[in-house]
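User: I'm new to reading protein models. Could you walk me through this one?

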Amino acid sequence: MTRVRLIDIAKEAGVSVATVSYVLNNVPNQKVSDETRLKVMQIANLHNYKKNNIAEALVKGQTKCIGIYAAKYDFSIINADIYQLINMLSAKFLENGYYTIILSSPYNTSINYIDAIVCISLSDEDFITVSKANTIPVIAVDCMRHIPWTFEICHIYKNVKDDLLLNEYVLFCYKYNSSGLNKLISQNNNNVKFVSNFLQLENLINENANKVVVASSASLLDYLLTKNIKVYKAPFNYNNFITAIYNSTILAIEHAEVAEHVIHF
């Protein structure tokens, strides 16, 4: 069977080759009607059109795919927040023409079928291992980079006191895998209680029942709101955080020269 080409699909659909390319490559910000998009997809499926991703990657020098290493904790609340972060980040990349995959290979494995790796909440040691094993850009999210030209985007909760207008408070925060990140959070908040399991969390709730508590994340806040304590949500804009990760990843892929590689919220 002769391999169908874009020009063949375009002729049958009565549209330009560019329009077919926009549809089949899911190019963002292109004005293509739903009717035309559906017609092109149906014709492509009818003729068993297969996109040659390998050839395209060789020509462009990019796979348009981002890998994600996400740490797993023995604490379901932080895993819920990481899962939300991955979903929002994947949507942001897809919106701009990039696909994401969750990496399950060992951290010391070299990976060459993606354009960059986003590491979420790895330990300091694991991030260094990933960085040493790969020549593609590696982005540190809620972990410490330890390499000057690598981007680092982290929560350090530096504006809790000023933004919430609180003189005294206790910040309930996850105990991250990165000891360096935990240290930065402690430096920015006088009274931090790091939480790594439900038993510890319940004990901290009882110990601080008469104090003003600030929850470091949405999932932690939801849990604390079921308790009889005064609790606030730490000031944090997820959209800004996601945008910072996306922009940093693209800058790293494009080898753009930038003065600052550290973004702390």
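Analyst: Counting helices and strands, you get 11 helices and 10 strands; these are DSSP runs (H or I, at least four residues, for helices; E, at least two, for strands), numbered from the N terminus. It's a predicted model, where local features need pLDDT of at least 70 and side-chain atom pairs pLDDT 80 or more, while totals for chains, interfaces and linings use all residues. Residues are numbered from 1 along each chain, and side-chain values use heavy atoms, leaving out hydrogens and water.

User: How much of the protein is buried?

Analyst: Of its 265 residues, 43% count as buried, meaning under 20% relative accessible area with a 1.4 Å probe, protein chains only.

User: How do I read a pair of packed helices?

Analyst: You describe them by the angle between their axes and the distance between the axes. Here, helix 1 (residues 6-13) and helix 2 (residues 17-24) have axes that come within 8 Å and cross at roughly 105°. Axes are lines fitted to C-alpha atoms over the stretch in contact, with angles from 0 to 180 degrees between N-to-C directions. The two helices are therefore roughly perpendicular (65 to 115 degrees).

User: Which residues in helix 1 and helix 2 meet?

Analyst: L6, I7, I9 and A10 from helix 1 meet V17, V20, S21 and L24 from helix 2, where contact means heavy atoms within 4.5 Å. By class, that's seven nonpolar, one polar and no charged residues. Ala, Val, Leu, Ile, Met, Phe, Trp, Tyr, Cys and Pro count as nonpolar, Asp, Glu, Lys and Arg as charged, and the others, Gly among them, as polar.

Key. Parallel < 35°, antiparallel > 145°, perpendicular 65-115°, else oblique. Buried < 20%, exposed > 50% of the residue type's maximum accessible area, 1.4 Å probe, protein only.
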